[in-house]
Amino acid sequence: MHILGLIALAVTALWIAGILWRVDDWKRDWSENHASISSTATDAELLSPVFSESPLQVSERLTRWVKTQPRWAIASTEHDDDNAHDNDNDIVTLHLTRTTLLFRFTDDIHVRLEPVAGGTRLTAESQSRLGKGDLGQNPRNLKELLAGLGEKV
């Protein structure tokens, strides 16, 4: 029985160490459960990118990427068709979800694809449904999304 107790203690210590290892910003990650991609982001990796394609093309690429990811899903997609003559340049909003591996928490990711000179600007927000802090998961969600859009899918 003594050896089983030590094994359980070691497994618990490794599990806690794994959680603590993932914390990027100790001040932010324990007190916030929201992150965003914007043109004013303080984290350079979360600055709003501009893609050379139309919003519809970026939306299709993002949709293809999400479908290849095991814990990501598309909850909804909307097209703001103010410009009836050019559907390629409509504002597209997507509601994505991502479920964490260990505890199966669901985060909501809202993406906005807006036409701008030279292409499409992406802005997004990721928010945990539960808890006061996200241990850095929401910024990681957004960085994963941007990395996925950088891949050829």
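This is a predicted model: local features need pLDDT of at least 70, side-chain atom pairs count only at pLDDT 80 or more; totals for chains, interfaces and linings use all residues.
Mentor: Local features here need pLDDT of at least 70 and side-chain atom pairs count only at pLDDT 80 or more, while totals for chains, interfaces and linings use all residues. Residues are numbered from 1 along each chain as its sequence is written, and side-chain values use heavy atoms, with hydrogens and water left out.

Trainee: Thanks! What makes Asp-43 and Lys-143 a salt bridge?

Mentor: The term asks for a side-chain nitrogen of Lys or Arg within 4 Å of a carboxyl oxygen of Asp or Glu. Asp-43 and Lys-143 have N to O at 3.0 Å, so the pair qualifies. Asp-43 sits in the loop between strand 1 (34-37) and strand 2 (50-51), and Lys-143 in helix 4 (residues 137-150), 100 residues apart. Helices (H or I, at least four residues) and strands (E, at least two) are DSSP runs, numbered from the N terminus.

Trainee: Why is Asp-108 called buried?

Mentor: Buried means under 20% relative accessible area, exposed over 50%, and partly exposed in between (1.4 Å probe, protein chains only). Asp-108 has 14%, so it counts as buried. Its side chain meets Arg-129 in a salt bridge at 2.8 Å, N to O.
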